[in-house]
Each structure stands twice: as C-alpha cells, then as structure tokens.
Amino acid sequence: MAGTGIFSEILEGEVYKYYSDGEWKTSSSGKSVAIINPTTRKTQYKVQACTQEEVNKVMEMAKSAQKSWAKTPLWKRAELLHKAAAILKDNKAPIAESLVKEIAKPAKDSVTEVVRSGDLISYCAEEGVRILGEGKFLLSDSFPGNDRTKYCLTSKIPLGVVLAIPPFNYPVNLAVSKIAPALIAGNSLVLKPPTQGAVSCLHMVHCLHLAGFPKGLISCITGKGSEIGDFLTMHPAVNCISFTGGDTGISISKKAGMIPLQMELGGKDACIVLEDADLDLVASNIIKGGFSYSGQRCTAVKVVLVMESVADELVEKVKAKVAKLTVGPPEENCDITAVVSESSANFIEGLVMDAKEKGATFCQEYQRDGNLIWPLLLDNVRPDMRIAWEEPFGPVLPVLRISSVEEGINHCNASNFGLQGCVFTKDINKAILISDAMETGTVQINSAPARGPDHFPFQGLKDSGIGSQGVTNSINLMTKVKTTVINLPTPSYSMG
C-alpha cells in the first residue's frame with residue numbers, strides 16, 4: 001500500500017514528507033496541504049506546505065550537486081537511471097494505488113502509467129548516451145574565404161538546475177518525462193508536483209532515492225502554488241523550466257526571464273471527418289480520444305468536425321458506443337470516473353448549460369453526481385457556443401457539422417490552441433494537404449490524438465506551448481552547445 005513497506009520513510013503520521021538533500025523532511029511551516037479524493041470528495045492524503053526558505057535551501061543544494069554530477073561519467077548516469085526504472089516498475093502497485101485515490105484514474109490505467117514511466121526512464125538513459133556521447137568537428141575552409149586554419153569541436157553541456165512542474169492527469173509519467181532527460185544530460189532537478197498527484201510523485205521520487213543518486217541532485221518540494229509557485233519559477237538559481245498544465249504556463253513564461261522553457265499548455269484538438277472515412281474506425285477513435293480518462297487529457301478529441309453528409313450516421317455510431325461506457329469508481333476500472341475537482345466539474349457544467357441554452361442537441365441526458373459526470377455527446381453545436389472553443393477537460397464532446405473541408409480547417413485554425421488534431425479519410429493525398437493546413441503541433445491521420453510513444457516529438461503551436469517534448473527533443477532543450485576552436489599557425493590539410 002501507499003506509504004508503507006519501502007515507502008514508510010516518506011510518511012510521518014498523516015502527512016507525507018518532502019525530499020531534500022537526499023532525505024525525507026518535515027517542513028518548518030508546521031502546515032500541510034490536503035489532497036481531496038475526487039471520488040469520495042474527502043481528504044485522502046496530506047503533504048508538506050514547504051516555505052520559501054526551504055525552496056532557497058533546495059536550490060542552493062541543487063546548484064552544488066549539479067557541479068559534481070556534470071563530471072559523473074555518462075555511463076554512470078545511465079546506470080543509475082536504469083536502476084531507478086527497475087525499482088519504479090517493481091513498485092508499481094502502491095504508486096498506482098495513490099493515482100487511483102488522488103486523481104481517480106482507473107486502476108488498470110494507473111498501473112500502465114507507472115510501467116510506461118519506467119520504460120521512458122530506461123529509453124531516455126539509452127538515448128542520452130547516444131546523443132551526448134557524440135559531438136561535431138567542423139573545418140573552417142568549408143565557409144567561403146577561409147583556409148583550413150581552424151578546427152571547431154562542439155559538445156553538449158548541461159544547463160544547470162531544471163525546474164519540473166507536471167500536471168495532475170499524468171503526474172508520474174509527465175514528471176519522469178522531464179526528470180530523466182534533465183538527469184542524463186547532467187542537470188540537477190527540482191520537482192514541484194501538482195497537489196492532486198503529489199503523493200504519486202513522492203513515491204516515484206523515493207524510487208530515484210533508492211537508486212542511489214547523489215544527495216541534493218534531486219529535490220521534491222510540495223506546497224501551495226500561491227505561496228511558493230512564483231517563488232520557484234522566478235528563482236535566480238533555475239536555469240530551465242519544463243511545465244505541463246494550463247494558463248498558468250503563460251504567466252510563468254512572462255516572468256521566467258532568459259532561460260529555456262518547455263511548456264505544454266492544453267489544446268482543443270479537432271477531429272476532421274471526411275465523407276469517405278471509415279466511420280466505424282472514426283467512432284472507435286472518438287470514444288478512445290474523447291472519453292479516455294474522462295476526457296482529462298491534453299490530447300483528448302475536444303471537437304468533432306464532420307461533413308454533413310455522414311454526420312447522422314457517425315453520431316449514431318458514437319451514441320451506441322457511449323451507451324456502453326461504464327461509469328463509476330476508478331477502483332472498478334470504470335471507463336468514466338470522477339473529474340479531478342468540484343471546480344472542474346462546475347466549469348464543465350457551465351459549458352454544458354451554455355450549449356443547452358443555445359440549442360445544442362443532447363444525445364444523452366446530462367447527469368452529474370458530485371465530481372462524477374456521465375459521458376455526453378453534444379450534436380449540432382454551433383460556433384457561438386462556448387463548448388465549440390473552450391477546453392472542458394471532461395467527458396463532454398461537441399459535434400459541429402461542416403459543409404466543406406475548408407470550413408473544418410478554418411474552425412481548427414481559429415482556435416487559440418494548436419496542440420494536436422486528427423483527420424479521417426481514405427485519401428492519403430487529402431490527408432496530407434489537410435495536415436499541412438492545420439495549425440497544430442501534430443496531426444494524426446486515421447487515429448485519435450496521442451502524446452506517445454514517448455520518444456515521438458510532442459509540441460504545440462499558439463497558446464498550446466513553447467518548445468518540443470519527446471526524449472531527444474527534451475535532452476537537446478536541457479543542454480547547450482559548447483564550442484572549442486583550435487587555431488592553427490598555417491593552413492592544414494589531411495592530404496596533399
């Protein structure tokens with residue numbers, strides 16, 4: 001169980017400790033932050049409410065530890081990451097249990113997240129050895145007007161201290177997607193987990209602790225964003241911020257200053273369906289894309305743009321599949337579980353009521369019990385409805401009927417978001433043309449949007465983010481190029 005066995009060290013009484021200088025500690029604030037179980041709406045866990053002074057200490061240690069870590073051989077960094085991955089996967093059960101209780105993720109999906117995270121760490125270790133083990137050798141006479149009098153050697157060096165801030169919906173996976181690249185590249189890492197998801201992150205960090213990373217290299221600070229959020233993101237010791245979340249990221253980007261940023265800030269992923277599409281395939285992917293984890297995914301299908309001629313048939317196929325979705329507690333592996341908070345449920349309900357007032361067709365009766373919202377397909381949605389543009393982050397999916405491909409592309413591109421999109425057609429030429437026209441970081445052809453596999457590039461345009469994720473991209477972002485130039489007294493040629 002969570003907080004027991006090898007994890008008993010991270011829990012004191014009812015409150016989980018924070019991680020600093022290789023030790024599990026209690027905050028000097030004497031305060032804690034409650035984590036509410038979305039299903040029961042009662043306090044499930046408590047974590048430390050860390051102070052700004054504790055943040056300062058963590059940053060000081062991170063700077064110091066990073067200097068020696070950067071001198072650690074690359075193979076040794078990879079070896080420790082592989083060890084951490086194995087420990088994480090061996091202890092998937094208690095970590096998955098905390099995911100079930102603090103974010104209401106279905107049990108089977110919670111286990112999958114932990115295992116996937118272990119695989120990501122190992123892959124990152126291997127990829128890092130390859131990427132960072134190579135440099136470039138340039139010759140000056142390749143540029144016009146120069147003799148071969150200069151040899152240029154380039155390599156990648158770490159940035160320093162990386163601040164990682166993952167979201168509630170994939171707190172373990174999206175944490176390690178930041179942690180592993182940072183560590184293999186020679187950086188130190190400060191993790192600020194989301195409140196909902198903090199206990200899962202603390203368990204994951206303990207797996208890193210057990211792997212034997214140097215003291216101070218990895219820290220995990222918990223607390224209220226209102227008290228330490230800005231203090232963390234604006235801290236002068238931070239050399240890179242990797243953030244996944246919502247509008248907060250835009251605020252962070254404006255305050256962060258001249259440091260590299262990697263941000264994924266949400267989406268309104270459009271699904272464009274042409275007349276020749278395989279509608280059974282489309283319906284299955286709409287269910288998968290729109291309702292997996294109750295729609296609480298950045299890459300969830302958020303709006304269906306279907307050609308009028310096939311709209312009736314598609315809606316009927318999706319309705320039939322929605323009727324088969326199970327609704328209930330995550331412990332029972334139900335398809336639809338409670339959304340993460342009451343405020344989230346209230347926001348979703350506001351979008352639904354706006355659509356109702358403006359005449360959308362309800363394909364199911366709207367039902368809500370606390371944080372649990374039953375899956376809902378809204379047909380005949382118009383552009384003047386909020387649900388056509390705003391991201392519900394819940395199990396509610398709007399369908400807009402379009403009369404042309406151009407209309408669908410225009411709706412997609414009018415959004416302030418540009419994370420992913422998808423297009424369904426049997427004509428690959430049309431698919432490529434539509435993909436090129438869609439202003440999104442990724443377009444999936446004949447499949448629902450998805451972040452993985454985790455080594456694929458993952459990025460957003462417009463308000464959906466800055467930079468690109470994926471193992472290689474993250475390693476490159478968390479390093480900088482160092483150049484050494486050898487100047488020769490006379491031109492030198494290898495032959496002749």
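This is a predicted model: local features need pLDDT of at least 70, side-chain atom pairs count only at pLDDT 80 or more; totals for chains, interfaces and linings use all residues.
Reader: How do you know that the chain has two domains, and where do they run?
Author: The domain assignment of the protein chain gives domain 1 as 7-265 and domain 2 as 270-445. Their C-alpha centres lie 32 Å apart.

Reader: What makes domain 1 and domain 2 count as being in contact?
Author: Contact asks for heavy atoms within 4.5 Å. By that rule, 17 residues of domain 1 are in contact with 17 residues of domain 2. Between them the two domains bury about 1600 Å², with 59% of it on carbon and sulfur atoms.

Reader: Which elements does domain 1 bring to the side that touches domain 2?
Author: Those giving two or more residues are α3 (92-103) and α4 (107-132). The most comes from α3, with three residues. That side of domain 1 divides into nine nonpolar, three polar and five charged residues.

Reader: Why is N333 called partly exposed?
Author: Buried means under 20% relative accessible area and exposed means over 50%. N333 has 29%, so it is partly exposed. N333 sits in the loop between α10 (308-322) and α11 (342-357).

Reader: And what makes the backbone of N333 worth a look?
Author: Most residues other than glycine have a negative phi. N333 is not a glycine, yet its phi is positive, about 60 degrees. N380 also has a positive phi, about 55 degrees, without being a glycine.

How values were computed. Residues are numbered from 1 along each chain as its sequence is written. Side-chain values use heavy atoms; hydrogens and water are left out. Domain bounds come from an automatic or database domain assignment. Buried area is the accessible area (1.4 Å probe) that two parts lose on being put together, summed over both. Helices (H or I, at least four residues) and strands (E, at least two) are DSSP runs, numbered from the N terminus. Ala, Val, Leu, Ile, Met, Phe, Trp, Tyr, Cys and Pro count as nonpolar, Asp, Glu, Lys and Arg as charged, and the others, Gly among them, as polar. Buried means under 20% relative accessible area, exposed over 50%, partly exposed in between (1.4 Å probe, protein chains only).
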